[in-house]
Amino acid sequence: MESVQSVPLRLLVLLLLCVSKCLSLQITRLSIPSFVPNGSEESVLLDCEYTYNLKEDKKLVVKWFHEDDPNPVYQWIPELDSKLYSDKFKLNEDFEIPSGTAYTRSRAINIQKPTTELSGTYRCEVQSLEGSDNMEDTMTVYALPTNVNLNYTIGDGVVRVVCEVENVFPLPEMSLFQIRPKTVVKSPLNDTELEYELEDGAYDIEFSTTIPEDDLPGLSDGPTFFGCSVEINGTEYSKEFKVPYFPSPVAEKQEGDDSDDDGSSTIAGVAPLIIFLSVLLLSLT
């Protein structure tokens with residue numbers, strides 16, 4: 001039978017093991033902003049908090065990595081007060097954690113004016129002779145589009161609807177829809193095609209679909225609109241653009257863009273506008 005005195009002794013041993021484990025090298029918190037506007041922030045702080053045992057964790061080394069690059073963005077050896085920086089990043093080399101100690105004050109990286117190229121996964125690694133730990137998270141440096149243009153063309157009995165987005169990052173969520181006469185319902189346009197090109201850290205996008213002209217209402221039925229929605233996840237950017245549809249031969253091409261603050265469309269041509277307003281007035285009477 002187990003003695004009464006052995007139970008407190010065992011608990012004491014478990015407590016000592018727990019204390020030893022809690023004081024060993026371990027990352028306790030990784031602070032990385034999820035979304036950052038492109039080029040508008042003076043600096044962005046990525047912090048890596050950890051616990052360590054000063055007696056056991058000799059030769060402490062802190063490293064930061066970006067994506068799958070095996071070369072660290074930053075490396076710090078506290079005992080030598082040695083710091084190494086990557087040429088690909090513009091870091092504030094004088095930054096220190098105000099409340100940090102000799103073994104924690106230079107654990108973070110302070111990125112100056114981050115751009116879209118610096119989006120991706122960041123990993124913090126802390127190592128010593130006794131052990132190591134690592135933690136990672138993702139930061140997206142986003143760029144709002146400089147222009148959004150919605151247009152359509154008619155040819156060979158087919159209507160091609162195109163939504164063009166310029167200089168945006170990352171790839172936004174997009175959809176095309178139509179609003180048929182005498183309704184406000186946005187009916188999705190399917191069978192869409194997405195083409196894009198990445199240049200200088202931003203995307204130029206062409207999002208399109210085709211519709212048989214016979215499947216669309218005529219002018220006598222009332223006004224029909226095509227629409228395009230653009231949304232960048234994780235940000236407040238979410239806009240819709242609309243353009244009225246005129247069956248051929250009334251118009252071969254109509255365009256809508258984001259030149260207006262409310263995201264409304266502009267219409268090219270005086271004659272189509274007169275016809276459109278006439279049909280609209282008839283539909284209301």
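**View 1. Strand β3 pairs with β7 and with β1.** Strands β3 (residues 43-51) and β7 (residues 109-112) run antiparallel, joined by 4 bridges. Strands are DSSP runs of E with at least two residues, numbered from the N terminus. Two strands count as paired if DSSP finds at least two bridges between them. Val-44 stands opposite Ile-111 in β7. Strand β1 (residues 26-31) is also antiparallel to β3, with 5 bridges between the two. Ser-31 has Asp-47 in β3 as its bridge partner. This is a predicted model: local features need pLDDT of at least 70, side-chain atom pairs count only at pLDDT 80 or more, and totals for chains, interfaces and linings use all residues. Residues are numbered from 1 along each chain as its sequence is written, and side-chain values use heavy atoms, with hydrogens and water left out.

View 2. Arg-29 forms a salt bridge with Glu-49, with the closest N and O atoms 2.8 Å apart. Arg-29 sits in strand β1 and Glu-49 in strand β3, 20 residues apart. A salt bridge here is a side-chain nitrogen of Lys or Arg within 4 Å of a carboxyl oxygen of Asp or Glu. Arg-29 is partly exposed, at 47% relative accessibility. Glu-49 is also partly exposed, with a relative accessible area of 23%. Buried means under 20% relative accessible area, exposed over 50%, and partly exposed in between (1.4 Å probe, protein chains only). The whole structure holds 8 salt bridges.

**View 3. Two loops meet at Asp-69 and Lys-88.** These side chains form a salt bridge, the closest N and O atoms being 2.8 Å apart. Asp-69 lies in the loop between β4 (61-66) and β5 (74-77), Lys-88 in the loop between β6 (82-85) and β7. The two residues are 19 residues apart. Asp-69 is partly exposed, with a relative accessible area of 21%. Lys-88 is exposed, at 57%.

**View 4. Four strands form an open sheet.** The order is β13-β12-β16-β17, with antiparallel pairing. The edge strands, β13 (187-188) and β17 (238-245), each pair on one side only. Strand β12 (residues 173-179) meets β16 (residues 224-231) over 7 bridges. Met-174 stands opposite Val-230 in β16, and Ile-179 opposite Phe-225. On the other pairing, 8 bridges join β16 to β17. There, Phe-225 stands opposite Pro-244. The β16-β17 hairpin has 6 residues between its strands, and Gly-234 in the turn has a positive phi of about 90°. Because 6 of its 8 residues are buried, β16 is largely enclosed by the rest of the structure.

**View 5. Lys-186 and Glu-240 pair by charge.** Their side chains meet in a salt bridge, 2.7 Å from N to O. Lys-186 lies in the loop between β12 and β13 and Glu-240 in strand β17, so the pair ties together parts that are 54 residues apart in sequence. Salt bridges that share partners join Lys-186, Glu-240 and Lys-242 into one network. Lys-186 is partly exposed, at 40% relative accessible area. Glu-240 is partly exposed as well, at 28%.

**View 6. Acidic side chains form a negative surface patch.** The members are Glu-117, Glu-166, Glu-197, Glu-199, Asp-200 and Asp-204. Patch residues have over 30% relative accessible area and no salt bridge, with like charges joined within 9 Å. Asp and Glu count as negative, and each charge is placed at CG of Asp or CD of Glu. Accessible areas come from the Shrake-Rupley method with a 1.4 Å probe. Asp-204 is found in strand β15 (residues 202-212). Asp-204 counts as partly exposed, at 34% relative accessibility.

Definitions and conventions. Patches are made of residues with over 30% relative accessible area and no salt bridge: like charges are joined within 9 Å, nonpolar side chains (Val, Leu, Ile, Met, Phe, Trp, Tyr) within 5 Å.
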